[in-house]
Amino acid sequence: MKQPAMSRHIHIEASGDDAARVPLLTSHLELASLDSDEGEVIFERRIGDNANDVQRSTQRKRTYEEAVEEAGFGLFHGLLLVVCGWANASDAVEILCVSFLLPTARCDLHLSSSDMGLLTANIFLGMMIGGYMWGYLADQRGRQKVLVMSLTVNGVFGALASFAPRFWLFLLLRFISGVGVGGSIPVIFSYFSEFQPRLKRGAMISALATFWMAGNILAAGLAWLVIPRTWVRFSLGGLDFQSWRLFVVLCSVPSLTSALIFSLAMPESPRFLMEAGREIEALRVFCRMFAINHRGSLKTFSICGLHIPSEKKERETRRGGTHTQRFVNLLKQCLAPIRQLFVGELASRSVCLVIIFYCISFGYYGLWMWFPELFKRAEDGGSPCANVSRLQSHDNQSCYPVKTAVYMEGFVTAASNLPGNIFTVLLMDVIGGKALLCCSLLLSSVSVFLIYEVKTKAQSLLISCVFSGVSVVAWNSLDVLGTELYPTQLRCEC
């Protein structure tokens, strides 16, 4: 007679470990009952002990967030912060070095006020083009490779600009350097954020953003130490190599050293590897993170598999057709991510961020790049705003001897970012990026209006410090929001 299912439960639970592995009721069960799904499920559930449950748990494929949490938080993230921070600082140095060389280079290159404006805008034009180009490559080919290439372009062409005998060549080389800067700035934040646990992400991205202040201080400090040294002067062929040219060479060193470190020591982003379907490589990165974070511990990395998205990124490369057709297909692939940024729920985010980035860049860099020149005009007497329209003759005006006070004031202005950076690191995860962004934009806009009332050099320095210290909070908030509002495959593109 066929026994009910309940009796099977009782017999198996009452047996020992060895006996539980043998189906005791085989003689009482019909063949159809043995083949049923019910019997198999019940038998499997009842004979599993705690060790087997743990083993099955470790063999379960884990998501990206679970793997990041399992890898822990510690020394690896500290080293990563230093390396990525140095790269971020190198971008700041390369951008801001132009503002510090203007007071002296304008005489050697015979620059008018319009030429100086073109030179400061030139690097940002390169950044705009490079940002999209490198961003697309980073989302398609990987963050680490793109960082190495963009930092190399930044450093090499930045150094070559110091040997340019004519303004047009100097302008061209600075533009190409700007193309490299445009790639490393957005990619470095995406790369860095994809190693961070969720609860630490906001604070760590804010900490990374503080290295921009370090780059500001480094550029101002180098300018203060190098440019006033008029004895640093020698003839190189037909080129009169003066101190400001040496300053340009030194400003390229951080980018080149960052490229070297990334090429030799830094892994690819595990998030990108998972999105690309490269599970084994992603596991190696997580194991490396775990080993560094848990050095000296007997704990082992328990994850054996990662959950890879079912829809992997498709990269179409059509080899057939004419050269024109292949070019059109490549152009469509490049423009596809931009189209995705303005479709669906991402459209409103993208429009808002574009407007905010444009406005804050216009105000922040528009002032920062001219601060040394404004300090010099204020030192000559009168309001910086009133001096803008004054015609200046370069024939009877000498840039030497260099006034060191201009660079000292730039150094103080750069250091004024420190309170704002500390504020964002401590409160980013408490208050939130959106609230910090709104308050910072409001306060920095109020401080700008006060520049019109500046009459002395001391007032100019005070207002510039207030503006820099407040506006840096907005930049840090945008860095956090920009990496969290977009999916992985569009993060560098945005």
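In this predicted model, Tyr358 counts as exposed because its relative accessibility is 58%, where exposed means over 50% relative accessible area, buried under 20% and partly exposed in between, with a 1.4 Å probe and protein chains only. Phe362 also counts as exposed, at 62% relative accessibility. Helices here are DSSP runs of H or I with at least four residues, strands are runs of E with at least two, and both are numbered from the N terminus. An α-helix has 3.6 residues a turn, so residues three or four places apart point the same way.

The structure holds nine aromatic pairs. Rings of Phe, Tyr and Trp (its six-membered ring) are paired if their centres lie within 6.5 Å; planes under 30 degrees apart count as stacked, over 60 as edge-to-face and the rest as tilted. One of these pairs joins Trp224 and Phe411, whose ring centres are 5.7 Å apart and whose planes meet at 50 degrees, so the pair is tilted. Trp224 belongs to helix α11 (residues 201-226) and Phe411 to helix α19 (residues 405-415), so the pair ties together parts that are 187 residues apart in sequence. Trp224 is partly exposed, with a relative accessible area of 33%, and Phe411 is partly exposed at 27%. Tyr358 and Phe362 form a stacked pair, 6.4 Å centre to centre with 20 degrees between the planes. Elsewhere, Phe76, Tyr191, Phe195 and Phe262 make up one aromatic cluster.

Turning to helix α14 (residues 279-293), its 15 residues should span 21 Å at 1.5 Å a residue, and its end C-alpha atoms are 21 Å apart, which agrees; the expected span is 1.5 Å times one less than the number of residues. Its buried residues are Ala282, Leu283, Val285, Phe286, Met289, Phe290 and Asn293. Seen down the axis of α14, these buried residues fall within an arc of 160 degrees, so they line one face of the helix; the arc is that of the directions from the helix axis to the C-beta atoms. They pack against α6 (64-71), α7 (75-108) and α13 (270-275), where contact means heavy atoms within 4.5 Å. The exposed residues Ile280 and Arg284 are carried on the face of α14 turned away from its buried side.

A loop residue also deserves a look. His110 lies in the loop between α7 and α8 (113-141) and has a positive phi of about 55 degrees although it is not a glycine. At 66% relative accessibility, His110 counts as exposed.

Taken as a whole, the protein has 23 helices and two strands, and 48% of its 494 residues count as buried. Among contacts with a separation of 6 or more, 81% are between residues 24 or more positions apart. The unreviewed UniProt entry places the feature "transmembrane region" at several stretches, including residues 247-265 and 431-452; such annotations may be inferred rather than shown by experiment. Over residues 247-265 the chain is 100% helix and 0% strand, with end C-alpha atoms 28 Å apart. Over residues 431-452 the chain is 82% helix and 0% strand, with end C-alpha atoms 33 Å apart.

Residues are numbered from 1 along each chain as its sequence is written, and side-chain values use heavy atoms, leaving out hydrogens and water. Local features need pLDDT of at least 70 and side-chain atom pairs count only at pLDDT 80 or more, while totals for chains, interfaces and linings use all residues.
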